[in-house]
Amino acid sequence: MSTWDDLAAHQASVASRPLAELFENDNRAADFSTRMGEVLFDYSKTNIDATARALLIRLAEEAGVAARRDAMFAGAKINQTEGRAVLHTALRNLDASVTVDGADVMPAVREVHARMTTFARDLRAGRFTGQGGAITDVVNIGIGGSDLGPAMGARALAPYADGPRAHFVSNVDPAHIHDVLARLDPATTLVIVASKTFTTQETMANAQAARDWMAAGVADPAAQFAAVSTAEGKTAAFGIPPERVFGFADWVGGRYSMWGPVGLSLMIAIGPERFDDFLAGGRAMDDHFRTTPFVDNLPVLLALVGIWHNQICGHATRAVLPYDQHLARLPAYLQQLEMESNGKRVAMDGTMLAMPSGPVVWGEPGTNGQHAFYQLIHQGTRVIPCEFLLARAGHEPDLAPMHRLLAANCLAQSEALMRGRSLDEARALLAKDGLTGPELERQARHRVFPGNRPSTTLLYPKLTPFTLGQIIALYEHRVFVEGVILGINSFDQWGVELGKELAATLVPMLEEGADAGAKDASTRMLIDYLRG
């Protein structure tokens, strides 16, 4: 039998075991949790026991996770379908030396980081100004990884934002850019266009709209643009001088790119020193991932819990539930990170996968979700593993009692998911209210919670730039480990291409009324409607 078979057999043998039963062992919480510094990861409220953990670790060892990890950090071209190295880690390990194709890539990384730092400092200090004075607002135009990372980070680190206000435009729906720019003054606004190729359809449409808006308010619109791009010819044609163009290599995937130039808007908002703290947090998680045995390795354990729930138990989704309002955009960020990375159907060699790939990732911040979809999580017919995140302290010491209420809700939800409420317990509660007979029985069944719903909890002292760096790197490495175990390439995204290609053929049909006869009947009908 393979390790996969052993895991399946073991899971079948313990599937009906109550989670609460595991805590009859007083050491359960300590044995199935681990720490990295002040970050605590608790996976004791899952059905993983010592046997399951040993088998999962064996699975990771057999898949070559350690060797693949070391190859990634060393600059090997592990993105085999695109023939690229995978070195987003280099953006936060600025003291390292990494060779790709025989050349050390780090001098160029440090040079771009230094230029970003100088530009951010000049802008924040008023040495770089708009045509109406100091820059008060920065608009980042991008999509996907060029938007989700910095947008999530700017919201997460809002308590540290003491620079110009950061705004983000991604959707090609004109309402998005209209609503953002309507509140701003062109003369004191900087626009950053984030597109590696400077050809991304949605981003360039928004960039042109922003340029037209800027031109209506200032004499030289390009003077208040910067670019995150490697296409210097195209940025020059747009009017952006090379000193305000910040590029990064093709070994940095979009959804892994917020550590470098894509994070420029975040650096401007919170300052270079705090941005470097963010990088330091990611670097600390890198070091932990590289040096810690699997049994205490946070990214490895988080990945193994994911493999257990999805591939072994068959739970097709996972809910990410940050009890931290500043992490409200984290679930959306992780949707791209995880679903674009591991949403594949073939292995590295092109053969069909023999099991499901990545899960559906979704979520909302607590306590809002409790009044929305937790009903399904607690009493629905599907089991949805939950991942809770919670800080020990918030940024509002004068509102500490509210934070304790928040924390109590978080802990209560994980306990309720695990323990549930039996029919006998429901009957006893209703009997106290005076119900009897058939009505008591009917009402009691509506108040049963099946329990045995797994969850993990990640605790951290406070959401600082350093802590955010740890959290994001933790999830990046989790995706990597899961991908290696599944035998897939987590660093390409061919699934986004077909829709782009078809959209390009449809634009002329909608704009100019070109012949749509080659399209299917449904698409032709929809085109006719939109043409009016």
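User: Let's start inside a helix. How far apart are Arg427 and Asp424 in helix H17 (residues 423-432)?

Analyst: Arg427 and Asp424 sit three residues apart in H17, which means about one helical turn lies between them. Keep in mind that this is a predicted model. The two residues form a salt bridge, with 2.7 Å between the closest N and O atoms.

User: How do I read their accessibility? Is Asp424 buried or exposed?

Analyst: The general idea is that under 20% relative accessible area is buried, over 50% is exposed, and anything in between is partly exposed. Asp424 has 55%, so it counts as exposed. Arg427 has 26%, so it falls in the partly exposed class.

User: Which residues do salt bridges with shared partners join into one network?

Analyst: Arg318, Glu338, Glu387, Arg478 and Glu482 are joined that way.

User: How many salt bridges does a search of the whole structure find?

Analyst: That search turns up 30. One of them pairs Arg92 with Asp286, and the closest N and O atoms there are 2.8 Å apart. Arg92 is in the loop between helix H5 (65-74) and strand E3 (99-100), while Asp286 is in helix H12 (residues 272-291), so this bridge ties together parts 194 residues apart in sequence.

User: What about the accessibility of that pair? Are Arg92 and Asp286 buried or exposed?

Analyst: Arg92 is at 0% relative accessibility, so it counts as buried. Asp286 is also buried, because its relative accessible area is 0%.

User: Which residue meets Glu273 in a salt bridge?

Analyst: That's Arg121, with an N to O distance of 2.8 Å. Arg121 belongs to helix H6 (residues 106-125) and Glu273 to H12, so parts 152 residues apart in sequence are tied together. Here the accessibility values are 40% for Arg121, which makes it partly exposed, and 46% for Glu273, which is partly exposed as well.

User: Let's look at a contact list. What does His477 touch, leaving aside neighbours within four places in sequence?

Analyst: The general idea is that a contact needs heavy atoms within 4.5 Å. For His477 the list is Met72, Phe73, Thr89, Arg92, Met285, Asp286, Phe289 and Pro299. His477 itself is found in helix H19 (residues 465-486), and it counts as buried because its relative accessibility is 0%.

User: And where is Thr464 found?

Analyst: Thr464 is in the loop between strand E15 (455-460) and H19. Not counting residues up to four places away in sequence, Thr464 touches Leu157 and Tyr160.

User: On to rings. How many aromatic pairs does the structure hold?

Analyst: There are 15. When you classify a pair, planes under 30 degrees apart count as stacked, over 60 as edge-to-face, and the rest as tilted. The ring centres of Trp259 and Phe278 are 4.4 Å apart and the planes are at 10 degrees, so this pair is stacked. Trp259 is in the loop between strand E11 (245-246) and helix H11 (264-270), Phe278 is in H12, and the pair links distant parts of the chain, 19 residues apart. Trp259 is buried because its relative accessibility is 1%, and Phe278 is buried because its value is 0%.

User: How do Phe275 and Phe278 pair up?

Analyst: They form a tilted pair, 5.8 Å centre to centre with 55 degrees between the planes. Both lie in H12, three residues apart, or about one turn of the helix. Phe275 is buried as well, because its relative accessibility is 0%.

User: Which residues do ring pairs link into a cluster?

Analyst: Phe73, Tyr256, Phe289, Phe480 and Phe491.

User: Finally, pockets. What volume does the largest pocket have?

Analyst: About 1200 Å³. Its lining has 44 residues, and Thr200, Gly254, Gln493, Val496 and Lys500 lie nearest the centre. Helices H9 (201-215), H14 (330-342) and H20 (497-511) are the elements giving two or more residues to that lining, with H14 contributing the largest share, four residues. By type, the lining divides into 14 nonpolar, 18 polar and 12 charged residues.

User: How much space lies in the second largest pocket?

Analyst: About 420 Å³. It is lined by 20 residues, and the closest to its centre are Gln325, Glu396, Met402, His403 and Leu406. Helix H16 (residues 400-419) gives the most, with five residues. This lining divides into eight nonpolar, nine polar and three charged residues.

Technical notes:
Residues numbered from 1 in each chain as written. Predicted model: local features only at pLDDT ≥ 70, side-chain atom pairs only at ≥ 80, totals over all residues. Heavy atoms only, no water. 1 Å grid on protein atoms, 1.4 Å probe; cavity = no way out; pocket = protein on both sides within 12 Å on 5 of 7 lines; lining within 4 Å. Points joined across faces, edges and corners; volume = space filled by probe spheres on them. Nonpolar A, V, L, I, M, F, W, Y, C, P; charged D, E, K, R; others polar. Buried < 20%, exposed > 50% of the residue type's maximum accessible area, 1.4 Å probe, protein only. Salt bridge = Lys/Arg side-chain N within 4 Å of Asp/Glu carboxyl O. Phe/Tyr/Trp six-rings, centres within 6.5 Å; stacked < 30°, edge-to-face > 60°.
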